[in-house]
Amino acid sequence: MSMIAAFYGGKSILITGATGFMGKVLMEKLFRTSPDLKVIYILVRTKAGQTTQQRVFQILNSKLFEKVKEVCPNVHEKIRAIYADLNQNDFAISKEDMQELLSCTNIIFHCAATVRFDDPLRHAVQLNVTATQQLLLMASQMPKLEAFIHISTAFSNCNLKHIDEVIYPCPVEPKKIIDSMEWLDDAIIDEITPKLIGDRPNTYTYTKALGEMVVQQESGNLNIAIIRPSIVGATWQEPFPGWVDNLNGPSGLIIAAGKGFLRSIRATPMAVADLIPVDTVVNLTLAVGWYTAVHRPKSTLIYHCTSGNFNPCNWGKMGFQVLATFEKVPFERAFRRPNADFTTNTITSQYWNAVSHRAPAIIYDFYLRLTGRKPRMTKLMNRLLRTVSMLEYFVNRSWEWSTYNTEMLMSELSPEDQRVFNFDVRQLNWLEYIENYVLGIKKYLLKEDMAGIPEAKQHLRRLRNIHYLFNTALFLIAWRLLIARSQMARNVWFFIVSFCYKFLSYFRASSTLKV
Ligand SMILES: CCCCCCCCCCCCCCCCCC(=O)SCCNC(=O)CCNC(=O)[C@H](O)C(C)(C)COP(=O)(O)OP(=O)(O)OC[C@H]1O[C@@H](n2cnc3c(N)ncnc32)[C@H](O)[C@@H]1OP(=O)(O)O
Ligand SMILES: NC(=O)C1=CN([C@@H]2O[C@H](COP(=O)(O)OP(=O)(O)OC[C@H]3O[C@@H](n4cnc5c(N)ncnc54)[C@H](OP(=O)(O)O)[C@@H]3O)[C@@H](O)[C@H]2O)C=CC1
């Protein structure tokens with residue numbers, strides 16, 4: 001019997017960010033392994049015209065939850081969606097709901113965050129710092145609370161090369177930052193943002209670091225742990241391989257490459273691609289929840305959920321395997337044939353951006369205009385290149401994360417728990433994982449049918465022929481222009497033609513002799 005699964009039985013669990021990528025997998029695993037848990041409270045806001053109930057209904061009826069429905073048929077009754085907006089005071093939770101949360105919650109998993117790299121500082125602080133502070137305040141009023149698990153990121157201190165399982169202070173206290181957001185206007189905040197984030201690349205990593213400081217400062221008597229995952233990718237094993245439902249991390253770029261939009265990227269092939277499957281993160285999170293509640297460590301423990309020091313994969317290997325998978329299972333209606341060149345040189349990268357990205361977009365838009373349609377490719381390409389430029393920071397560096405606490409926890413688990421809540425990435429086969437990841441993107445994100453693969457392959461063959469034709473035409477035109485202008489080019493041309501003529505004559509003569 002799994003001790004961790006048994007621990008969550010009968011518990012009331014509060015999850016923030018349950019509608020997000022990680023939150024959904026966390027809920028799924030909890031229901032599947034501990035179907036006798038009492039209730040999962042989730043804080044949900046309304047979005048895209050959907051009520052909180054409709055959002056929950058949609059999640060429970062998704063493919064991800066198919067196994068859960070077999071193990072826990074009454075899952076609908078065990079999930080309690082509470083309307084909440086983490087941007088509002090007291091999260092805009094009603095008095096009755098708040099009362100229930102305060103009096104019943106046993107465990108909190110705080111996953112909600114804004115993960116956008118370019119969020120204005122005010123918004124990122126509100127969600128990643130102030131909301132964390134408010135949740136801690138709520139937690140301190142929960143008499144039955146056993147553990148508070150905060151999800152941060154391994155990149156919260158990405159300005160350092162070696163990162164230990166400790167909280168590193170930021171120069172300005174989070175409380176001061178929170179206060180200043182109340183009275184500074186947006187223009188001034190924008191002006192001071194680069195100074196505040198310092199050598200971090202964006203507001204996301206900076207505010208996640210501030211969030212950790214808040215957790216440390218406001219922990220009081222709470223039993224707290226922090227989890228720092230690296231780049232979270234599709235599921236490795238559970239509930240099935242390759243599940244993914246958003247464009248964050250590498251997923252968006254894999255689509256862009258598979259559809260032939262992204263053909264080159266400024267990335268260091270030997271830099272470590274510190275990907276971590278989402279089910280691995282969830283298994284570690286649940287194990288940490290159990291350990292923190294049962295063993296009550298004296299201080300706040302931080303757990304790095306990374307792959308680099310256990311089983312490293314680099315961007316070159318990843319890119320190669322992604323392309324190899326496109327050969328077997330191409331995406332439908334590609335714009336160009338998939339091909340991704342990694343370059344470390346800024347000038348080469350700019351050259352490829354002009355030749356492989358902007359020029360084809362301009363030509364295609366010209367074609368759209370000619371055929372009476374609205375041009376759109378240049379706009380799309382500009383957005384893609386902006387996205388790529390924001391991710392470049394992470395594909396040109398390697399980090400070392402110490403994993404003492406994660407390894408300690410692994411050794412504390414029973415063999416059964418090590419199996420059911422496996423977070424040992426040494427067992428992960430990267431080539432298989434990346435192939436499943438690409439397949440998962442095709443199935444669950446792009447919703448493409450596997451039956452369409454022959455047609456997609458046919459389409460790629462057509463694109464290859466167009467590519468050859470286009471290059472030949474371009475070469476002939478360039479050559480013709482050169483011949484018209486340069487005596488040297490004419491001489492070379494006559495030399496080649498006469499050489500070919502002599503070769504053919506010799507070949508004809510020798511074949512006549514044989515007869
Ligand atoms: C063979 C090749 C293989 C290549 C593999 C190489 C992979 C390298 C990947 C490196 C990843 C490194 C991630 C590091 C993560 C740090 C860890 C964390 O904690 S961080 C936690 C993880 N957090 C993140 O990863 C957040 C990253 N994302 C962002 O911060 C923002 O989306 C944005 C600033 C990039 C764009 O903002 P903005 O312009 O305002 O626009 P919107 O947001 O509204 O979207 C615009 C359009 O772009 C689309 N799209 C969206 N995302 C991506 C993507 N990743 N990619 C591509 N496309 C993407 C989106 O669908 C939309 O399309 P459409 O509707 O117009 O057709
Ligand atoms: N994905 C990754 O690569 C990594 C993620 N992490 C961390 O893991 C955690 C989960 O990330 P992930 O699941 O990928 O992120 P998602 O963007 O998929 O999910 C974010 C969640 O936060 C919720 N949320 C955002 N704003 C509000 C708000 N104002 N009120 C209520 N809820 C809100 C979202 O709700 P809604 O659906 O309504 O928008 C959603 O449920 C985050 O803390 C992130 O920093 C760490 C490392 C890597």
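**Entry 1: A48.** I started at A48, which counts as exposed because it has 6 C-beta neighbours inside 10 Å. My cut-offs, with C-beta atoms placed from the backbone: a residue is buried if 20 or more other C-beta atoms lie within 10 Å of its own, exposed if 12 or fewer, and partly exposed in between. A48 isn't a glycine, yet its phi is positive, about 50 degrees. I find A48 in the loop between strand 2 (39-44) and helix 3 (52-60). Helices (H or I, at least four residues) and strands (E, at least two) are DSSP runs here, numbered from the N terminus.

Ground rules before going on. This is a predicted model, in which local features need pLDDT of at least 70 and side-chain atom pairs count only at pLDDT 80 or more, while totals for chains, interfaces and linings use all residues. Residues are numbered from 1 along each chain as its sequence is written, and chains are lettered from A and ligands numbered from 1 in the order in which they are written.

Entry 2: I looked up its place: the loop between strand 3 (79-83) and helix 6 (95-104). Buried or exposed, or in between? D90 is partly exposed, as 13 other C-beta atoms lie within 10 Å.

Then the cis peptide. The bond from E238 to P239 is cis, with omega near -10 degrees.

**Entry 3: the whole chain.** I count 20 helices and 13 strands in the chain. The C-alpha trace spans about 100 × 55 × 50 Å along its principal axes. Of the 515 residues, 39% are buried.

How is the chain divided into domains? There's domain 1 (3-240 + 274-314 + 399-426) and domain 2 (456-514), with bounds from an automatic or database domain assignment. Their centres, taken over C-alpha atoms, are 62 Å apart.

I also checked M1, in the segment before helix 1 (3-8). M1 counts as exposed, with 8 C-beta neighbours inside 10 Å. From M1 to H357 is 356 residues along the chain, and their C-alpha atoms are separated by 55 Å.

**Entry 4: strand 4 and its partners.** Strand 4 (residues 107-110) points I107 and F109 one way and I108 and H110 the other, and all of them are buried. I call two strands paired if DSSP finds at least two bridges between them. Strand 1 (residues 12-16) runs parallel to strand 4, joined to it by 4 bridges; I15 has F109 as its bridge partner in strand 4. Strand 5 (residues 147-151) also pairs with strand 4 in the parallel sense, over 4 bridges, and here I108 has F148 as its partner.

**Entry 5: ligand 2.** I get 28 residues surrounding ligand 2, the closest being G17, T19, G20, A112 and A113. A residue is taken as near if its C-beta atom, placed from the backbone, lies within 6 Å. By class I see 14 nonpolar, 10 polar and 4 charged residues. Nonpolar covers Ala, Val, Leu, Ile, Met, Phe, Trp, Tyr, Cys and Pro, charged covers Asp, Glu, Lys and Arg, and polar covers the others, Gly among them.

**Entry 6: ligand 1.** Which residues are closest to ligand 1? T153, N248, P250, G252 and A340, out of 27 that surround it. Helix 15 gives the most, with 7 residues. I sort this shell into 17 nonpolar, 6 polar and 4 charged.
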